[in-house]
Every structure is written in structure tokens, then in C-alpha cells.
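Thanks for coming, everyone. Please put the structure up on the screen, and I will walk you through it.

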Amino acid sequence: MRHIISILLENEPGALSRVVGLFAQRGYNIETLTVAPTEDNTLSRLTMTTSGDDRKIEQITKQLNKLIEVVKLVDLSEGPHIERELMLIKVKAVGAQRAEIKRTADIFRGQIVDVSASVYTIQLTGTSDKLEAFIEAIGAGCVLETVRTGVSGISRGEKILSL
Amino acid sequence: MELLSGGEMLVRALHESGVEYIYGYPGGSLLHVYDALYKQSAVKHVLVRHEQAAAHMADGYARATGKPGVVMVTSGPGATNTITGIATAYTDSIPMVVISGQVMSYLVGDDAFQETDMLGLSRPIVKHSFAVRRPEDIPEIVAKAFHIASTGRPGPVVIDIPKDMTMPNERYEYAYPKKVKLRSYTPPQRGHSGQIKKAVELLLKAKRPVIYAGGGVIIDGSSDKLRALVDRMDFPCTNTLMGLGSYPGTGERFVGMLGMHGTYEANMVMHHADVVLAIGARFDDRVTNATSKFCPDAKIIHIDIDPSCISKTIIVDVPIVGPVGNVLDEMMALLDESNEVPDAEAIASWWKQINEWRQRHAMRYEKNDSQLMKPQEVIEAIWAATKGDAYVTSDVGQHQMFAAQYYKFDKPNRWINSGGLGTMGFGFPAAMGVKMNFPEEMVVCVTGEGSIQMNIQELSTCLQYGIPVKILCLNNGSLGMVRQWQDMNYEGRHSHSYMESLPDFIKLVEAYGHVGIRVTGRDELPQALEDTFNKYNDRLVFLDVAVDPEEHVYPMQVPAGSMRDMWLSKTERT
């Protein structure tokens, strides 16, 4: 099962390499990874998606927690949460396709952020499933390039991840 | 406030962290630090002949004293040479602080002379690591390093110091922190009371219990508490390779080591137990054999300070995360309060069964009719000659298993071996680290002609500092454990398990200024031991003892079997 693990990490050089190294070293798989500073400049917020059975996820969270620079950790998929991923996708858009792609982008609440004679660049946000559904809807054949940020997530309601 | 250079701060901070000895080797990036070392006498430095040995010496010191061992090496090859030693300490949870020099900070990344990414190289085998970025941070980093290395589940910590952080002419205010605070590092101080209560209830109801104790008991200094619990409950106790000595090897409730080369009775007790209390042990693959067949009828209680050790390989029923000693105290308090006692009748019949198992194999081996000795009898002779009270270090292979099986350790911290990583070349430098700190104690390195050659250059260090360890080389002229596996699984094809062209060890140790004694037959051993431990008491003695190369270590678990599936000799299987 897919899990979204969210980490507050000391904002120090080398901290990220410990997290990533741990996954390589112990044979765990990272599907997506996103990291950026928070409002507290001593902390970074890192979100990663990984998959495995309960036992494997338990080991992953325990091993991550052992890293000195991991300050707090939560498996967002254990409770209600919001997840978002941003995608920039460049698609071939010529002739009748142009209108069709525009309509599909609208349906998915995407925005065309750059246009040329034969290419649209579309920005789309949502869950990973939604991004994949969009690619399927416009047809993989016309996709020239995609770039995705990986998943960011946050708990719903009052629950917060802080010091 | 006092103004010190970075190099002076480092040395001062080490002193304030309680460091007596540094094991190291100088080089370009550390010259300022070595100059600072020269100008003081509080912290002593031991010059090794190879940096790997420095790490093993510090490790031996740490295992015998419980205090962090300290290593100091230069950048590049100095740093990389410590990697095996750091990994050895990491796998066995040994506190260690490794200070590695680094090229000037403005050269980092330029492939400068003797530059290597030590933090990157060591990352998977350290508990934590630091790079010094401002000289004034040195005291705090050192204090943090010692705190992290020695608390919780101990482990090695690396401090990487670029040369320009130690410049003699740049001085900064020195302040060693009174208290170390790390918001993201808080090792557990006590176990969960509810879980401890559950554990005690299970133990009181047990009909076929066993206490399986590992290196965590020794690291926590809780051997006395383990002994008190075992004896109070009248339960059998087995030790892991790392836990030997936590319960007395000659104790009547001791059933021996468990696992791949454990005793028949220890493995049978584990397999048939209804309650297993694991203390500071980690269900290593060399213990469990096939995890799917492990202890089929047992409820398992597991005490460990590291939550990631719990339910990693074996799912346990009652996990308790906390320091061993503290949890054992709480267990004893609950037993004191309780009106219940263990089921005496069930325990008596369990002991009856265990005593029958004890008769089956009883660590027997056949002695040769000829003078050529079996390795087991040499270990038994050493045990007798040292009255079972020596610090024994070992390398890795058959000799290690024979030492673990036949030297009965009655005290903790006396058996010093690379249990987890299995590092050949560990034993000799580790023995040196022990002997320097316990000059009055007997320190014996049990080794083989293969392992000893992996750090034999330290004979030179021993001469320089006068370190009279005793080296017992069980010389079978082959890489014994490899050969054993080849005998058992590869139809006796001894692919590269011979040690051809062995040196004349006697001449070699004499060239290094020590005493060498060769023993080729049984009749020569008593006199050789007498000379080793009495006549040459204050000298390093290398005892080169010829032993039977055909001998195998038994019992040996059958691969992919349960704990009770064992070879008991070359021809007998359970």
C-alpha cells in the first residue's frame, strides 16, 4: 500500500542525504520526494511516498525516526489528509487538437501557462491519480514532456505537525 | 573567556569529554591538531601502524570499559582506512568518536590532494556525523558527539574537520557546553509500565520459559540485574555471541550460547519454549535460523532500547522499548509486589527435560590419538591457565566459535569479538586497546593464522608502548570456517581456503622484538602456557599452536531449518 510520510527535518547540510541514503541502504523504495524550508528556518519539511506492507512501513518509520536530524515524523496516510502534486506538461497542440486539449485542461481545472504555434504547456494540480487521469485523457501520444513535483501533504482539521 | 585555536579547542574539548587515549595516525590535514596534542599531556595519543587498527583499538577499549573510544585520522586514505573499524563498531553498537581531518574547506569538492567525502562514505555506518564549519563550534560538536555516541543505543560518531578550522593563529572564545541538548534526539529513559506488567504476568504463567540475553545487557551494565532475575525465577538462560558473560558461563542455569553454533540444549530450549524473554538481543539471522520456523509455540517478550529492533525479523507479542536495566528493575519491583511465583512443578519438569538435552551432545569432541591437538582442547587449556578470568578478544572464524563455546565467561565485558560484522583483523588491536587500560589484567587474543595477518603490523605498536598482550594463534594452515563450509556444501573443494606460504610467525614476532613460542603437539602445551603467562608475563607472547585442520565447529544449525535442526558432528544430525 502507498504511504505518504511527512517529516520535519533539521535544516542542515547533509540531512537530506541521510534520509535518501537510508532508503537506498535498506532497500526501501522512494516513489516521490519533495523537500523545502518551512516558516521556521531551522526546519525543512519533507514529504515522501513509498509503498510496502505494514511491517515494512513500520520499519521505515522507525529507521527514519532514528536519524538524529529527523525531528518529527507522521504517516499522513494513517488519517484524513490532503495531498497535492503539481505537474507541468508540454503537449503537442495542432489543428483541431488545440480546442480539445483546452477543453480537457479546463475539465481537470488545469491552466495553459505557455503557448506556441504547436505546443501548449499546461499546469495542473491535484492528487497523483488526477494527474495520471489527465495524461490518460489527453492521450499519451501527444505528451512531449512532463515534470511533476512529487506529493506534498498535510493532515486535515486541527492536527498539525510541529515542534 | 579563554582564546584558543581550533586545534587547541579540539584537544581541550576531548579532555573535557573524559578522553584518556586517542588512537590515531597523523597526516597533512591534522598537523595543527597534532601540534596542539604535543603541547599538552592530559590526553594521550597512541600511534598505530594502520588506521583500521586505531578504530579496533578504540573499539576494544570501549567494549571493556563502556566508555567511548576515540580515533583520530587524517583525510583521504587515513579516513577510508577506518571504515571497516567504524562498521564493526556500528554493527555491535559500540560507542566511538572518530575525528577525521579534511582538506581546507575552500578546497572541498575540488578533488584536492587527500580529499575524500568522509561523511558520505561513513554515512550508512555511523549513528551520526558532523562537519565542522566554524572553529568556534568545535567544543559544542565534540560534546554532542560524545553524548550521541554513548547514550541510547550506542554507536560511532564521525567529526570531519577541515584543516582551516584548526589554524594555530586564529583564536576564538572557548566554551564547552555544560549540558548537551538536542531537540530531535531523546533516547527512551524507561519502558512502558503496562507492557512491563504484561510481561511479568506472562513470565509468571510460563511453563517452559527461557531468557535469551544479548549484548544490550552488557552495554547497559545490567548483568547483575539479569542474573538476579534468572536466579529468582529459576529459568534457563541462554546468551547470544555478543551477550556471553552477561550471565555466568559456569552458572547452573546457563544453557550456553544459542544460534548457528549454539549448544544443543540452548537451541532445543528455544525451540520448545512457551515464553521467550529476549533482553538486549536482536533476533539476528545467526540466532533464529529460518524465521518462519522460529520458536513455534512461544509468546515472545522483547526488551530493547532501539524501537527499530523490535519486530524487525521476528514479530513479538510484548515489545518493551527502554533501557534494559531500568526495565529489569521495574520487573523485579512488580515481582516483589506480586503474590504469585512461577509454576514450580512446571519449571521442575522443564529443567528435567533440559538436563536430558544437556546429556545429548554436551559439547563433546574427539581428541586425536596423535599429538596434533583439536582447537577445542587448546581453548579449554587457556581457560584453565587463565582461571577463566582473562579478557579474551577474537578474530573471526572457527577459532572465534571455539572460544565462544569453550571459554566460559563468568563476567561481562570480558569477551570481545566482532559479532555482527565479522571482521577479521579485529582481535589483536582490540586486545591492545583493552590491555592499555587494564595493564594488570590478562588479555588474550584468540586468533587464527588467517585473521592475525590482517593487522599483524600492530606488533610494532605493541613494542613502542609496551603492550604485553598474549596472542593465541590456532594454526590449522587454512581458513577454517570457509573450509568447513566447503567440506559441508561444496564436496570438499577447498577453493582458496588454504593459507599457502605462511610466514614463520616465531621469527616474525621476534623481529618485532617480542616472544614467539611454537607448539606442535599436546605435550608441549603446558610448558608453553606456563612460559606465556608467567615467565614472559610482561612480554607480548605469540603462541603459534598447530591444530587439526580437519576439525569442524559443532553443533551447527542446518540452513533454512528451525533452531532444533542441527548437525552435532560430521555424521550425526538431530
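Which feature does UniProt place at residues 4-78 of chain A? The record, an unreviewed entry, gives "domain: ACT" there. UniProt positions follow the numbering used here, feature names are shortened, and annotations may be inferred rather than shown by experiment.

A word on ground rules. This is a predicted model: local features need pLDDT of at least 70, side-chain atom pairs count only at pLDDT 80 or more, and totals for chains, interfaces and linings use all residues. Residues are numbered from 1 along each chain as its sequence is written, and chains are lettered from A and ligands numbered from 1 in the order in which they are written.

Back to residues 4-78 of chain A. The end C-alpha atoms lie 9 Å apart. The span is 32% helix and 37% strand. Helices (H or I, at least four residues) and strands (E, at least two) are DSSP runs, numbered from the N terminus.

Now, where do the chains meet? 15 residues of chain A are in contact with 13 residues of chain B. Contact means C-beta atoms, placed from the backbone, within 7 Å. On the chain A side, α1 (15-25), α2 (54-66) and β4 (70-75) each supply at least two residues.

Next, chain B. Its domain assignment gives domain 1 (3-173), domain 2 (193-360) and domain 3 (375-553). Those bounds come from an automatic or database domain assignment. The centres of domain 1 and domain 3 of chain B, taken over C-alpha atoms, are separated by 30 Å. Between these two domains, 23 residues of domain 1 are in contact with 27 residues of domain 3. On the domain 1 side, α3(B) gives the largest share, 11 residues.

On to the inside. The largest nonpolar core has 196 residues. Such a core is a set of buried Ala, Val, Leu, Ile, Met, Phe, Trp, Tyr and Cys residues joined through C-beta atoms within 7 Å. Buried means 20 or more other C-beta atoms within 10 Å of a residue's own; exposed means 12 or fewer, and partly exposed is in between. B:Val71, B:Ile159 and B:Val276 touch the most other members. Helix α3 (residues 51-65) of chain B supplies the largest share of this core, eight residues.

Why does B:Gly7 count as buried? Because it has 26 C-beta neighbours inside 10 Å. Among the residues B:Gly7 touches are B:His32, B:Thr166 and B:Pro168.

Note on methods:
Lists of a residue's contacts leave out its neighbours within four places in sequence.
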